[in-house]
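This note was prepared for a colleague who wishes to examine the architecture of the model before using it further. The sequence and structure are placed below for reference.

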Amino acid sequence: MTDLTDSLNVLFTEFYYWVTIVIMFLIHVGFMIYEVGVSRRKNLQHVLIKNIMVIPVVTVTFFFFGWWLYFAFIHGPFINAGMGLDPLAGNFYPWSPLMGPHMGDRINGVFWAAFLLFSWTAASIISGAIIERVWTTAFLIMAVLVGSVTWIIGAAWGWSPNGWMVQLMGYHDAYASGIIHAIAGGSTLAVVMVLGPRIGKFGPNGEIRNIPPHNPWMASIGLMMIYTGFWGFYAACNIPVFNVGTEGEPFYSATNIYLMPTTLSGITFNFLMSLSGGLLVGFILSKGQPFWTLSAGLAGIITASAGNDLYHPIQAMIIGGVGAAIAYKAHYLLERRLKIDDAVGAVAVHGVAGFFGVVIAGFMLWGYPAAAPLAGSATPWFGVTPDGFPAINPLGNLIGAFILTFVLGFAPFYVLARVLKAFGILRVPRKVELAGLDTNTFDSSYPYFARTYTDFEEIEKREGLEELSASENRT
Amino acid sequence: MLTLDSFSNPAEIGPLYPFVGTEVLLTIIGIALWILFHILHTREESRKWTEAEAAFDERLLLPGSGEPSHVIASGPPLT
C-alpha cells in the first residue's frame with residue numbers, strides 16, 4: 001500500500017464490496033417480510049424467529065468452514081486433472097491471520113461477507129416453502145447445509161474462474177441462476193416432499209385449496225425489498241476494476257466473477273429489462289395478481305441472470321418473460337401432480353427458473369470464452385475458443401444445471417430431511433400445527449384486531465380434528 | 001505477540017488483533033459454542049412442542065384460533 005494508484009484501487013474495491021453487502025442485507029429483510037406476510041397470524045412469530053436465526057447460524061458456520069470450502073474445492077477436489085485441494089485455501093482456514101483485521105489484506109473480509117449474504121439468501125429460499133409446519137431446529141440445520149456447504153461447493157465448481165466446471169465444461173452462470181437458485185430450489189423440492197403439505201392444503205379428492213396470506217400487502221413489500229437487495233447482489237458478483245488487457249497494454253474494466261469483461265452499466269440495463277419481462281408475463285398469466293406478478297418478476301431476473309453480463313437488454317427481457325412463464329406453469333404443475341405444498345412458490349421461482357436460465361445461457365452464449373485457462377488444467381471437454389479458453393456451450397451448461405439442481409440440491413436435502421424426520425424433529429406435532437405454532441409460546445401478534453377466520457381455516461379445523469380423532473382411535 | 005504497542009512502521013505490521021497465536025484455540029471454542037447452541041435449542045424446542053401438545057389436550061389451546069390460550073379463554077366458543 002505504498003503506491004497511491006494501487007492503493008486507491010484496493011481501497012475502492014474494499015469500499016465497493018462493503019456497499020454491496022449493505023444493499024444485499026435488504027434481500028434478507030425482504031424475505032423476512034415476505035414470509036411473515038404469507039404466513040397466517042397464528043404462525044407468524046415462529047416464521048419471524050426462523051428468519052432471524054439464519055443470520056447468526058449461517059454466519060458463524062460460513063466463517064468456520066464455508067469460506068474455506070470455496071477455495072479448497074475448486075478442482076473438485078481431484079476432478080480436474082487429479083488436482084486436490086487448492087494450496088491457496090490455507091489462507092481461508094478460520095485460524096488464518098487473514099481471517100481478521102490485517103494490514104496486509106483489505107479484501108478478504110468484504111469478499112467473505114458478500115458471499116455470506118448469498119448464503120443467507122440460499123437458506124431463505126428454502127425457508128419460505130416450509131413455513132407453518134417445520135421445526136426451527138430442522139430448518140437451521142438445513143440452513144447450515146445449504147448456506148455453508150452445498151451452495152459454496154457449487155460456487156467453487158462453477159462460480160470461480162478456476163472451478164472445474166468452468167475449466168472443463170465451459171460452465172457460465174454470471175449472476176448465479178444455477179449456483180444459488182437452482183441449488184436452493186432443488187433442495188427445497190426435496191424438503192417439501194418429505195415434509196408434506198400443511199393440514200387441509202389438499203382435499204380428499206386431491207383438490208388444491210388456496211391458503212390465503214395474512215397480509216398480501218406485506219408479502220408484496222417483501223418481494224419489492226428482495227428486488228432492492230438484488231441490485232447489490234448484481235454489483236457484488238462483479239470485480240469492479242480489473243486489467244483485462246495485458247501488462248504491456250493494460251485495459252481496465254469491470255469483470256464478471258470469471259474475470260471476463262462486462263460493465264456495471266450493461267448489467268443495469270439487463271437487470272431491469274429481465275425484471276420487466278418477468279413482470280409483464282406474470283401480470284398476464286396471473287390475471288393481475290400482485291403476488292404472482294411480483295414473483296414472476298423475480299423469476300425473470302433469475303432466469304436471465306446466468307447470462308446477464310453479456311445479453312442484449314431485449315434478449316434479457318424475452319428470456320426473463322420466458323422464465324416467468326415456465327416458473328408460473330411449473331408451480332401449479334408441481335402442486336397438481338406431486339401434491340407439493342410450497343407456500344411461496346420457491347421451487348418454481350428459484351429452482352425451475354434457475355435451471356432453465358443456465359440452460360438458455362449455454363445456447364445464447366455458445367462459443368464465448370468462459371474463463372482464462374488454468375495452468376495444469378485438463379483439456380476442456382466441450383471445446384475451446386480460438387484463444388484457447390474453455391468455451392461456453394449448451395452441453396456444459398445443461399450438465400452443470402443438473403449437477404447443481406440434483407447432485408448439490410435435491411440429493412443431500414432428501415437424505416437430510418429423511419434423517420430429521422426419523423429423529424422426529426422435522427415437522428411439528430399435528431396438534432400444534434392445528435392450533436398455530438405461536439399460540440402456546442408468544443403473545444398475540446395483533447392483540448387489538450378482531451379475531452377473523454377464513455374459509456380455509458374452518459376447513460383446516462374440521463379436517464384436522466377429524467384426523468386427530470381417527471389417529472387417537474387407532475392408538 | 002499479545003498486543004501491538006506501535007503503529008509507527010505499518011508495512012511491518014500483520015495482524016491487528018490481540019493475542020496472535022491463539023487462533024486455533026479460538027476456532028475450537030467457536031465451533032464448540034456453535035454446537036452447544038444447536039443442542040440447547042433442540043432441547044428447548046422439543047420442550048416447547050410437548051407443552052403445546054399438552055395444552056391442546058387440556059383444551060387450553062384450540063384449533064384454528066390464531067390467538068394464545070388466555071385470549072381464547074375470554075373469547076366466544078370456537079366449535
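1. The structure is a predicted model. Chain B has two helices and zero strands. Chain B comprises 79 residues, of which 16% count as buried.

2. Contact between the chains. Chain A contributes 37 residues to the contact and chain B contributes 33. On the side of chain B that touches chain A, the elements giving two or more residues are helix 1 (23–57) and helix 2 (69–73) of chain B. Helix 1 of chain B gives the most to that side, with 16 residues. Sorted by class, the side of chain B that touches chain A holds 17 nonpolar, 10 polar and six charged residues.

3. A helix pair across the two chains. At what angle do the axes of helix 2 of chain A and helix 1 of chain B cross? The crossing angle is roughly 140 degrees, and the axes come within 11 Å. An angle over 145 degrees would count as roughly antiparallel; helix 2 of chain A and helix 1 of chain B are therefore oblique to each other. Helix 2 of chain A passes helix 1 of chain B in a left-handed crossing. From helix 2 of chain A, the contact is made by A:Val60, A:Thr61 and A:Phe64, and from helix 1 of chain B by B:Thr27, B:Gly30, B:Ile31 and B:Trp34. The contact of these two helices has four nonpolar, three polar and no charged residues.

4. A helix pair within chain A. The axes of helix 3 of chain A and helix 4 (residues 136–158) of chain A come within 8 Å and cross at roughly 135 degrees. Helix 3 of chain A and helix 4 of chain A are therefore oblique to each other, and their crossing is right-handed. Among the residues in contact, helix 3 of chain A supplies A:Ser119, A:Trp120, A:Ala122, A:Ala123, A:Ile126 and A:Ser127. These meet residues of helix 4 of chain A, including A:Phe139, A:Met142, A:Val146, A:Trp151 and A:Ile152. The residues of the contact between helix 3 of chain A and helix 4 of chain A divide into 10 nonpolar, four polar and no charged.

5. The sheet of chain A. Three strands of chain A form an open sheet in the order 1-2-3, with antiparallel pairing. Strand 1 and strand 3 of chain A are the edge strands, each pairing on one side only. Strand 1 (residues 239–243) of chain A is joined to strand 2 (residues 252–255) of chain A by three bridges, and the two run antiparallel. A:Ile239 has A:Thr255 in strand 2 of chain A as its bridge partner. Strand 2 of chain A also pairs with strand 3 (residues 261–262) of chain A, in the antiparallel sense and over two bridges. In that pairing, A:Ala254 stands opposite A:Thr262 in strand 3 of chain A. Strand 2 and strand 3 of chain A form a hairpin with five residues between them. In the turn, A:Leu259 has a positive phi of about 65 degrees.

6. Backbone features to inspect. Most residues other than glycine have a negative phi, and most peptide bonds are trans. A cis peptide bond joins A:Gly76 and A:Pro77, with omega about 0 degrees. A:Pro77 is placed in the loop between helix 2 (44–72) and helix 3 (108–129) of chain A. A:Ala81 also lies in the loop between helix 2 and helix 3 of chain A. Although A:Ala81 is not a glycine, its phi is positive, at about 50 degrees.

7. B:Phe19 lies in the segment before helix 1 of chain B and has a positive phi of about 60 degrees, although it is not a glycine. Is B:Phe19 buried or exposed? B:Phe19 is exposed, with 12 other C-beta atoms within 10 Å; a count of 12 or fewer places a residue in that class. A:Ala81 is partly exposed, with 15 other C-beta atoms within 10 Å.

How values were computed:
Residues are numbered from 1 along each chain as its sequence is written. Chains are lettered from A and ligands numbered from 1 in the order in which they are written. This is a predicted model: local features need pLDDT of at least 70, side-chain atom pairs count only at pLDDT 80 or more; totals for chains, interfaces and linings use all residues. Two residues are in contact if their C-beta atoms, placed from the backbone, lie within 7 Å. Helices (H or I, at least four residues) and strands (E, at least two) are DSSP runs, numbered from the N terminus. Ala, Val, Leu, Ile, Met, Phe, Trp, Tyr, Cys and Pro count as nonpolar, Asp, Glu, Lys and Arg as charged, and the others, Gly among them, as polar. A residue is buried if 20 or more other C-beta atoms lie within 10 Å of its own, exposed if 12 or fewer, and partly exposed in between; C-beta atoms are placed from the backbone. Axes are lines fitted to C-alpha atoms, for helices over the stretch in contact, and angles run from 0 to 180 degrees between N-to-C directions. Angles under 35 degrees count as roughly parallel, over 145 as roughly antiparallel, 65 to 115 as roughly perpendicular and the rest as oblique. A crossing is left-handed if the near helix is turned anticlockwise from the far one by less than a right angle, and right-handed if clockwise. Two strands pair if DSSP finds at least two bridges between them.
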